Amino acid sequence: MYRQVSVWTLLLTVVLRQTAGDIPVDEAEHEQLLTVVPCIRRLCEKYFRSERAMKGSLAIINIKPDASTFQQHILRSFNEDPRHEMGVMVKDASRPHLNASHVTEKAKNYLMLIADSSALAAPIRQLRRLPTWNPLAQVVVVFTAELTPLVFEIEVRNVLQELFDHSVLNVNVMVQRYNTSVLEVWTWFPYESGSCADNIERLRLVDECEYAFQEPDPERNVRAAWVYRERHYFSDYGPKIPKYYHYCPLKVSTSIWEPFVVGNASHIEKGLEVLMLDVITARMRLVPVFSVIDGSLTTARITADNQTGLYADVLQRRTDLMIGGLHENPISRKLLSATIPYFQDDLTWCVPTARHAPKWLNVFIIFNVWTWLIAIGIIFAAAGLLFRFNYVEGLYRVNYTWMLLQSLAFSLSVYAHYWPRRVSIRLFLIGYMFYGLHWNAAYHSFLISVLTRPRYEPQIATVQQAIEAGFGFAGAENTLGHFDKPDGVSRHIAAHYAVCRNLDECLGRLRRERTVAIAMSRAHSSNSRAIGEAELYCFSKAENIYTYSVSMLAKKDFHLLPKINELIRRISESGLLGKWQKESEKIRIDHDEDEGAGGDEGGGSGGDGEKSGEGQTILRLDHIEGAFLLGAAGLLLALAAFIGELLYYRAKRRYRWRDNLADRHITCVNVAILKGK
């Protein structure tokens with residue numbers, strides 16, 4: 001079906017419209033139209049020649065079975081070229097193209113044969129669906145009918161404009177001069193005389209060609225032959241897409257999204273992507289012009305709406321690029337083109353940091369519960385032994401409570417008023433004293449570290465923990481689609497999800513609310529000015545909602561995209577991205593320091609502990625409030641015991657109770673029996 005003998009890439013697309021204008025009716029006009037076929041092939045060789053063309057490239061010509069004689073002659077002129085520099089495959093443009101996903105090489109050249117400008121939409125639509133589509137390729141458009149001077153410029157402009165709307169700028173239009181056999185080539189230069197590829201201003205005639213019969217001239221020894229008569233119009237316009245762009249504006253839409261873009265609606269300060277664009281535009285001699293996108297658009301559900309959607313500015317060609325920590329999604333892949341990625345970010349959950357643990361427990365948390373129970377048990381057991389020792393020796397007339405206090409004193413390594421006579425008891429007390437020394441030393445050493453280091457409650461660090469703790473969930477509307485899954489966790493999140501119109505304001509809620517998780521970019525959460533980095537905790541990468549590559553989004557098939565990608569690749573390899581990221585983060589640090597200085601002037605310090613000029617921690621009352629609470633509890637118990645003893649003493653005198661509890665009980669029973677009689 002095809003013969004492949006090419007040494008460069010040529011992709012030919014012929015679209016036929018079977019109207020009266022496709023096949024000339026007049027025979028003389030028909031013959032005249034065929035005379036430009038050699039010029040078409042000759043000029044295509046000029047425009048399509050590429051020093052870097054690869055062997056094995058393929059020329060695809062889409063021709064209907066009932067193609068006109070003129071179109072068949074063009075096909076034959078390429079297919080039967082004696083030098084065989086073009087491979088040809090014949091297809092039908094009116095039928096859907098088969099799956100060509102296996103084709104990886106981008107087309108270098110296109111040839112489109114049309115009757116008028118209205119026939120151009122069909123081949124463009126077909127070519128854009130192919131994986132070989134390349135808007136930077138050389139494009140030649142040939143009109144298959146002569147154009148009268150009245151419609152000539154209109155048709156040529158329409159062709160150039162429609163291709164320009166699809167970001168195709170390397171275009172040459174071939175038109176047969178009316179009532180002649182001369183083939184003219186017209187084009188436009190997007191950056192001519194300070195233009196910035198924003199509209200088609202002037203048409204330029206660049207080539208003329210006529211394939212004419214040369215009469216014999218015996219006097220000059222000239223034989224009869226068909227010869228080319230060509231005229232080339234050279235100018236200083238340069239290539240269609242030059243290397244430098246005489247400081248044309250590069251229009252950029254962005255949202256304020258640290259650390260990628262730092263600033264406000266009226267002024268862009270810095271940012272990772274802003275600094276990157278500064279370098280790119282300086283190298284290409286462009287001037288970046290920023291416009292800030294409404295923050296509500298960046299959080300709304302992403303749609304293909306080209307009027308009010310997120311991508312409206314680019315789709316309506318008000319801007320060329322979009323930045324602001326963006327990434328591709330199924331909709332953007334259809335509507336826009338993207339640069340190569342240069343940063344990886346995560347969509348994760350951010351929650352409030354764990355609060356400080358209650359300070360009244362400071363004096364108790366040094367040891368765990370079992371250690372405390374063993375220590376207290378030792379005190380009571382030792383008190384029992386001391387009470388028994390004292391009973392055997394008969395030295396002091398004391399009760400168990402007094403000996404309990406003596407045991408507590410020994411365990412705390414303080415003076416205790418007890419001096420036994422027996423050596424065995426003294427040896428026991430010596431051992432108990434060493435125990436008290438070690439216990440006291442361990443307690444006080446750990447107590448200092450506990451008092452001078454802040455403690456925190458357990459940190460919520462997983463989605464499951466957040467659900468169990470009754471957390472609510474919030475984030476952008478376009479994030480909600482990630483939870484459209486059948487599992488229980490996704491359903492729970494979707495049912496308790498609140499949409500945030502402004503993500504920075506939503507992030508600020510973490511200062512006030514303790515039971516809310518915000519779906520947020522990890523890079524932005526650690527650089528946002530809405531909240532301090534120490535005030536929020538973002539889940540680990542294992543708990544990410546989504547991991548994505550950040551890139552710039554551009555107009556579909558943007559003609560400057562290859563040059564921008566080349567510079568991004570160089571910037572990434574140079575290590576400048578890491579440097580710019582630190583500079584973007586420093587803006588937030590400086591901002592926080594300024595705010596902190598303003599707060600200090602107000603005379604407030606809300607830290608966990610005050611620091612002296614030498615870095616020493618000055619303990620406040622709340623650091624040891626547990627000890628005071630324990631003392632207060634002891635005093636209350638003592639007061640309650642005193643009141644109880646006082647009431648008991650008065651009741652004893654009034655009712656003449658005996659000292660022995662059993663005798664008193666028997667007396668009460670006898671009195672009751674007597675009263676009953």
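Two strands are said to pair if DSSP finds at least two bridges between them. Helices (H or I, at least four residues) and strands (E, at least two) are DSSP runs, numbered from the N terminus. In that sense, Thr 254 stands opposite Ile 323 in β15.

The structure is a predicted model, in which local features need pLDDT of at least 70 and side-chain atom pairs count only at pLDDT 80 or more, while totals for chains, interfaces and linings use all residues. Residues are numbered from 1 along each chain as its sequence is written, and side-chain values use heavy atoms, with hydrogens and water left out.

Strands of a sheet pair through backbone hydrogen bonds, either parallel or antiparallel.

With β14, the parallel pairing of β11 extends over seven bridges, and Val 252 has Phe 290 of β14 as its bridge partner. With β15 (residues 321-323), the parallel pairing of β11 rests on three bridges. Ser 253 faces Met 322 of β15 in this arrangement.

Five of the seven residues of β11 are buried, and the strand is mostly covered. Buried means under 20% relative accessible area, exposed over 50%, and partly exposed in between (1.4 Å probe, protein chains only).

## Disulfides

A search of the whole structure finds four disulfides, a disulfide being a pair of cysteine sulfur atoms within 2.5 Å. When the bonded cysteines of the protein chain are numbered in sequence order, the pairing reads 1-3, 2-4, 5-8, 6-7.

Because Cys 350 lies in strand β17 (residues 343-352) and Cys 538 in strand β21 (residues 536-538), the link ties together parts that are 188 residues apart in sequence. With 90 degrees about the S-S bond, the link of Cys 350 and Cys 538 is right-handed.

| Cysteine | Relative accessible area | Class |
|---|---|---|
| Cys 196 | 24% | partly exposed |
| Cys 248 | 2% | buried |
| Cys 350 | 0% | buried |
| Cys 538 | 18% | buried |
| Cys 500 | 6% | buried |
| Cys 506 | 4% | buried |

## Nonpolar cores

In soluble globular proteins, nonpolar side chains tend to be buried together. A nonpolar core is a set of buried Ala, Val, Leu, Ile, Met, Phe, Trp, Tyr and Cys residues joined through side-chain atoms within 4.5 Å. The largest such core in this model has 98 residues, and those with the most contacts inside it are Val 156, Leu 163, Met 276 and Trp 349. Helix α6 gives the most to this core, with seven residues. A second, separate core of 22 residues includes Val 37, Cys 39, Leu 113 and Val 206.

Contact means heavy atoms within 4.5 Å. Not counting residues up to four places away in sequence, Val 156 touches Phe 143, Val 173, Val 175, Trp 186 and Leu 203.

## Ser 117

Ser 117 is located in the loop between β5 (109-114) and α4 (121-128). This serine is buried, with a relative accessible area of 10%. Apart from neighbours within four places in sequence, Ser 117 is in contact with Phe 143, Glu 155, Asn 158, Val 159 and Glu 162.
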